[in-house]
Amino acid sequence: MTLPFFILSVLTIAGATAALTLRNLVHCVLALMLAFVGLAGLYLQLDAQFIGFAQILVYIGAVAILIVFAILLTRGAESPSQSIVSPSWPISSVVSVVVFGILAWTIRSSVATRHPIPPQPEVSVRQIGDALMSRFALPLEVIGLLLTAALVGAVTIAMQEKREIK
């Protein structure tokens, strides 16, 4: 195991754990962004440049910022008064470990894992970018418009709710 992989793994796991355990929603989103940064670093270390940069642009640059704005527009700064840990967490933990064990055993004993893996085709980030800007330009623009319309709708709904509260 190399040192950069270990550092990125610890960063990702720490960010994800903090996102699950923190009580303040803004802090949770910031911790989630830290986990996304760690994942992007892992992708880049695995020579998956397109996925790594897409992780940075889409998840860190767009989704996490959208979540922060949605939280700031729709919620107050108060933190929840009740505990976030359920009283039945030991039972839930046992069930989760059992389900994970069954899934892991099923995957390990599957016929699909016994076949040799075919060699991966060499595709560069440039080839993917050219395909997105030529053959898939229209779907890419439609998705961009759909996300923009969703953002405008969320802001409009949040603004109307704030007016009704006052």
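What percentage of the 166 residues in the protein chain is buried? Buried residues make up 13%, where buried means under 20% relative accessible area, exposed over 50% and partly exposed in between (1.4 Å probe, protein chains only).

This is a predicted model: local features need pLDDT of at least 70, side-chain atom pairs count only at pLDDT 80 or more, and totals for chains, interfaces and linings use all residues. Residues are numbered from 1 along each chain as its sequence is written, and side-chain values use heavy atoms, without hydrogens and water.

**View 1. Helices of the protein chain.** The chain has six helices and zero strands. Its pattern along the sequence reads α-α-α-α-α-α. Helices (H or I, at least four residues) and strands (E, at least two) are DSSP runs, numbered from the N terminus.

**View 2. Contacts and surface.** Take contacts (heavy atoms within 4.5 Å) between residues at least 6 apart in sequence: 60% join residues at least 24 apart. The accessible surface is about 13,100 Å² (Shrake-Rupley method, 1.4 Å probe; for residues, only the protein chains shown count as cover). Carbon and sulfur atoms hold 73% of that surface.

View 3. Phe36 lies in helix H2 (residues 25–45) and Tyr59 in helix H3 (residues 49–74), so the pair ties together parts 23 residues apart in sequence. Phe36 counts as buried because its relative accessibility is 13%. Tyr59, at 37%, counts as partly exposed.
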